[in-house]
Structures are given as structure tokens and as C-alpha cells.
Amino acid sequence: MAEEILKIEDLAVNVGEIEILHGVNLTVGRGETHVLMGPNGAGKTTLGYALMGNPKYEITRGKVTFMGQDLLEMSVEERAKTGLFLSFQTPIEVPGISLSNFVRNALDRKTGEKTRLWKFRKELEKELAVLDMDPAYADRDLNVGFSGGEKKKAEILQMLMLKPELCILDETDSGLDIDAVRTVSKGVQEYHETVGGAMIIITHSTKILEALHVDYTHVLVDGKIVKTGDRSLVDEINENGFEKYLK
Amino acid sequence: MKQKTQVDDVNRSLYDFRYGYDEEHYYKVDEGLTAEIVETISKEKNDPEWMREFRLKSLELYKKATVPDWGPSLDGLDLDHIVTYVRPKTKMTANWDEVPAEIKETFEKLGIPQAERESLAGVGAQYDSELVYHNIREEVAAQGVIYTDLESALHGPYAEMIQKHFMKLLPPTDHKFMALHGAVWSGGSFVYVPPGVKVEIPLQSYFRLNAPGAGQFEHTLIIVDEGADLHFIEGCSAPKYNIANLHAGAVELYVGKNARLRYSTIENWSKNMYNLNSKRALVEEGGKMEFVSGSFGSHVSYLYPMAILKGNGARLDYTGITFAGEGQELDTGMKVAHIGENTTSVVSAKSISKSGGKSVFRSSVTVGENAKNAKSTVDCASLMLDDESRSDTIPVMDIRNSNADVGHEAKIGRISDDAIFYLMSRGMSEEDARAMIVSGFADNVSKELPLEYAVEMNNLIRLEMVGSIG
């Protein structure tokens, strides 16, 4: 196994009074691709939010180590700066700041130095092209008036530019047409090859995985990981659904 | 896990100056403003006779008029001793050492040079800006543009033009503080742009208002003649400190046939100020009036720029933002009167309230009987940053013909936790995330401002939100 970058031990998470995750264990090595599947309401998104540090998700038990540090002690911004990235299921519209300025701002914060404008623009244009995005999107306000597909692509664009150590892709493929899924998959592939970062891909469909190498597949049911396997588990679930894992 | 932090207000009290309230430094005239005092002002200013009479008539109106009772409280104004506002005997130029450290710090954070800081704090007299001002005057004078102080213009070749326009749009009968203004006005600008002249650089009153004693009852008179074009900018983002806490200026704007006037204001009076400024524009056929307005300072504001769209095809564009923080009650808005046919008004107003601040936006749209095909769109949005702050929208419409198209829309919102979390997940601190959202909200105004002012305004918002810049 590759060097461990994320280790989740017995993680329990509450939303309000209700416990959603009942003790999750998961370890991710550098550069590995993990797929997280599970029926609706199993707690997949909760896991992503809890790891990123959404204040609405309360950690009641467990330990998470990320890049050798105690993740649960870190603020949201520290988690981001340490290399954790969450691709949101519904990215937020932020008027008044362009996609380009936003990414540059985030990059400056992560690296602690001013990004050279020329080099930045070049790289941004290159990644926009990878994602089949009109270069004009760079100067549009962040996610404002973007279609569902463009919003998801903008998330992958940020992921490519920020080069995180670990990305959690929360249903980045849901609601996209077949071409957009392919494009997003291409972006994910590009991230895997050029950045070499690890991923936890939360998905219901296998389309996004077609061209990707998958190291591990986990099945999350009712707040617990009930089965871990390799890529073949994806195909098995694709065929038979989750029925045999439900109590 | 790190808890959410509550973003504290910047210590606003830093603007709330209290200068030595030493009885001996004031005339002891408890009954208020007298004809003698107004006569003395008139004499000191070397007024022409008609102006002397005008002042005295205004004084009579002032005595009869009542204080408005429909807006924020004006109890903090010592109107029984109004004379102390008019004639403070203390020197306007206080000692720099006496200026509180906090306000000096604010200047520093805003990157204002030492010389300017002293001037803005009401300490230094004239500085380099006098030179800049003269240079600008020379440059525009080459185009035939008159840009001067109103007092000396009263004795120049434009005296007649001034007499014809002075306080005709904003007569002393308008309200109590206009009557007061008529009696004691002092300082201000006169601008005349001849037919067809397009002024390339924005003119800035900033250079004028820094003159000692100006900036309290100043009068601005701008006449843009047929087919001419001007951008005039009033104020700057530095906290404007005045030793008296009443500001009752008047701005009268005449926009000729097919002319365009843009009047931009970024106002940041110190937080003890009662800002009762009045602005009104008269727009002739095919003319265009544009108000761009950012209100950040003062304790209480009553501020409702108005445009009278007299000529056919005249147009008003109003873009404004108000930011009310702790202890502030900013009552702002706009008024438009559609008189001519095919007149248009487009209003986009934003307001932000924080830490118990209160902002009210009043809009008044009147469409006259002859204003066929008049179009008016009023769009208000407010953002409340916490539960203790308040924001209200009060629209009034008076439509007197059936061909008008009038619309009003108001939205009230809060910063969503989801938006904060989203921005933080990309490495922003919570304060920065909030500041970014608020700056974005104010974007309609900053987009309309010249770059250096847009930067100033964004710095100001950051300062209000985070307490630091950069």
C-alpha cells in the first residue's frame, strides 16, 4: 500500500440530534483512487462534509489523521491549505468575484505567495480547454448563472489548479449529460496523472469511472462501510444493486 | 474542531470625536441663530446684496420650519444652540497630536499620505492637493470649463448665471435644513461645462472640501450645457472628520439637452455626524443624469438624491450602496419625477446592515400626466449580516397616466452558512469569506466607480468587515 495520507478511525457524525455515521473506518494512500457507493441516505455526503469541516456536521466520536496531522483539530481553511478538497454536489454562486480571480486568490493562500499572473492565465486556459469550457467563463462571476454542468466543471477546474493531495468528489457526475460526464472524467484523469493526488469518488453511476483506474471500492450502508473490494465490486453493484447489503 | 468565530465590528467609536466642549470658546447665544449672525457671515463672505437678502429670508424660513418627524431621530442635534454649529470659535485646525490614535491608524490602513491625513482630520490646512486642483483647473479651463469655488464665482463673469440657478432646485422652503443651508451656506464648488464639451477627467470635489471650514454647509452648483459631458466625484473613503456634527450641504445639478452628468459620491463621515445632505438634478430633453452613491459613514443620514426628468427622453440612472454598522441609522433613497414623455429611470440600490445598524431605503417615483411611455425600474436588495441589524424598503409610487411602465422589486437576504463554508473549503478564513461575499454584493457600485475609488471602496468594506486591509 502507498504511503498513508488519510486515516479515518471509528468516525461517528451527528446532524442535529441524529447520528448519521456510526463508526466509519477508511484509509487512503497517496495517489489512490477510492470509490464510495451506497444507497441514498447512507451518509456519503455526510462523510465528505464532515471531513471538510462543515460546522453543521458534528463529530461525536473517532479520529481522523490527514497528512500526519489531526484533521479534526484543524479549521476548514487549514484543511484546504493542507491539501484537502471537496467538490460540492451543489456549488454556491458568489457574485462579484470572477472564477479566475477566485482561483488565483485561493492559490495565493495555499502557496503563501503571489501567483504570477501570466503563468496563471496560461495554466488556467489550458485546464479550461481540458474541460471543454469556454475561456469566457474565467471572467464570469463564480458559478453565477452557470448551468449545472458548468458548475461541476468549475469544481474540477479548481481541483486541477489547486492541486490538492486528496479530493472528495461528491456526486460530481450526477445530473450531467453523457458528454459532460465524459469531460469531467477526463478532468479527473488529468488530475490523477499530472497532480498524482488521491481521490474519494462518491457516485451512483459507473460512467465517470469507465476510463479511470480504481484501487478500492467501498460500500456505505446506513452509516457504516459494509464491504470493501476492488474495481470488480463496482461492476457487481452496478448489476445487482445494494440489496444484498441491506439488512 | 474550530468553532465559528463571530466577526466583531471595527471599533467605530474611533470616529466619534469629542472635541473640548469648552463654553468659553463659543458665543453664548442660547436663543439660536440670529439675523445679526447671518449678517456677519454675509459680510465676511463679501456677499452681493441679493445673497445677503437671500440668507436673511432663509433664516426666517428656518425659524418657522419644523424638524422632520418621519425618519431617524435627530435628538442628538443640539438645535437650541444651532449657532454653535454655524460659528464654532475654535480653530478648525486642531492639533494633530490631539487626533485620536485610532483615526490615524485608519488613515494608515487606507494608505493615505501623511499630508492628506492631516487635512482630512481637519488639522492640516492645504497640502499638495491645492496644486493638483490648480492643475486640473488649468487643464479643463483650456476646454472652456469653469471649475471654481462658489464664493469667488459670485463676483466673477458667471455671477448672473449663479443667481439664476442658486437654490432654485433646492429652495430654502424645501425643508428646515435647506432653510438653514440658505442662511449659512459656506464653501463648495461651481462647475460650468459649455455646450458640446466633453470633460475627459472626472472632477473631484475632494480637493475643494479639504479647505479649512468647508464641508459642513457647502453648496455645489453644476451646470452641464447642451450636449456636454461631465463626471463629478464628491468625497473620498477616508473618515471625514468635522468638528461640528451636522452636515447640511446642497448639491444642485442642471443637465442640459442631450448632456450627461455622472455624480459619484463615496461618503464616510465620522460616526458622530448627522448627514442631512440634499441633492437634486433637473434633466432636459435627451439628457442623462447618473447618480453613483456609496454611504458608509455618519451616525444618522437623511439622503435622497432626486432627479426631475423634465425633457422628453430624459433619463436617470441611480446606483447606490449603504453600509450601516453599529450605532448607525442610514435613511437613504432616491426620488424621481417623470415629467417629459419617454423618460426613463433605472434604480439599483443595495444596503448592508451589521452589528445593530439600521438601513432604510425610500424610493419615490412620480409619473406626471404628460409623461407618456415613462419607464421606471426600482430594484432594492439588502443584506443583513446578523440578527440584530435591520433593513427596510419603503417604496412610494404616484402614477398619473396610463401609459407608464413602473416596476419595483425588493429582496432581503442574509449570508448563507453554506456560502461561507464553500469559500472556506477553498482556503479562505471566515472573515475573508464574509468580506468577499459583502464586496460581491456591493459590486454594482464598485463597477461604476473609477478604479482608484473602487479599490478604496473595497478597502473600506474590508475594513468594516475584517478590521484590516489585504
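Residues are numbered from 1 along each chain as its sequence is written, and chains are lettered from A in the order in which they are written. Because the model is predicted, local features need pLDDT of at least 70, side-chain atom pairs count only at pLDDT 80 or more, and totals for chains, interfaces and linings use all residues, while side-chain values use heavy atoms, with hydrogens and water left out.

**Exercise 1.** Find where A:N143 and B:N46 sit, and decide for each: buried or exposed?

*Solution.* Start with the backbone. Most residues other than glycine have a negative phi. A:N143, not a glycine, has a positive phi of about 65 degrees, and B:N46, also not a glycine, has one of about 60 degrees.

A:N143 is in the loop between β8 (141-142) and α5 (148-162) of chain A. B:N46 is in the loop between α1 (35-44) and α2 (49-64) of chain B.

Last, check accessibility: buried means under 20% relative accessible area, exposed over 50%, and partly exposed in between (1.4 Å probe, protein chains only). A:N143 has 0% relative accessibility, so A:N143 is buried. B:N46 has 51%, so B:N46 is exposed.

**Exercise 2.** Work out what span helix α3 of chain A should have, and what covers its buried residues.

*Solution.* The expected span is 1.5 Å times one less than the number of residues. For the 13 residues of α3(A) (residues 99-111) this gives 18 Å, which agrees with end C-alpha atoms 18 Å apart.

Among the buried residues of α3(A) are A:F102, A:V103 and A:L107. Their cover includes β7 (94-98) and α4 (117-130) of chain A, along with α11 (417-424) and α12 (430-441) of chain B. Just after α3(A), A:G112 takes a positive phi of about 75 degrees.

**Exercise 3.** Describe how α4(A) packs against helix α6 (residues 178-195) of chain A.

*Solution.* Their axes, lines fitted to C-alpha atoms over the stretch in contact, are 9 Å apart and meet at an angle of about 135 degrees. Angles run from 0 to 180 degrees between N-to-C directions. Under 35 degrees is roughly parallel, over 145 roughly antiparallel, 65 to 115 roughly perpendicular and the rest oblique, so α4(A) is oblique to α6(A).

Contact means heavy atoms within 4.5 Å. A:K126, A:E127 and A:V130 of α4(A) meet A:T183, A:K186, A:G187 and A:E190 of α6(A).

**Exercise 4.** How far apart are the centres of domain 1 and domain 2 of chain A?

*Solution.* Domain bounds come from an automatic or database domain assignment. Domain 1 covers 1-34 + 56-84 + 208-247, and domain 2 covers 89-164. Their centres, taken over C-alpha atoms, are separated by 27 Å.

Methods
Helices (H or I, at least four residues) and strands (E, at least two) are DSSP runs, numbered from the N terminus.
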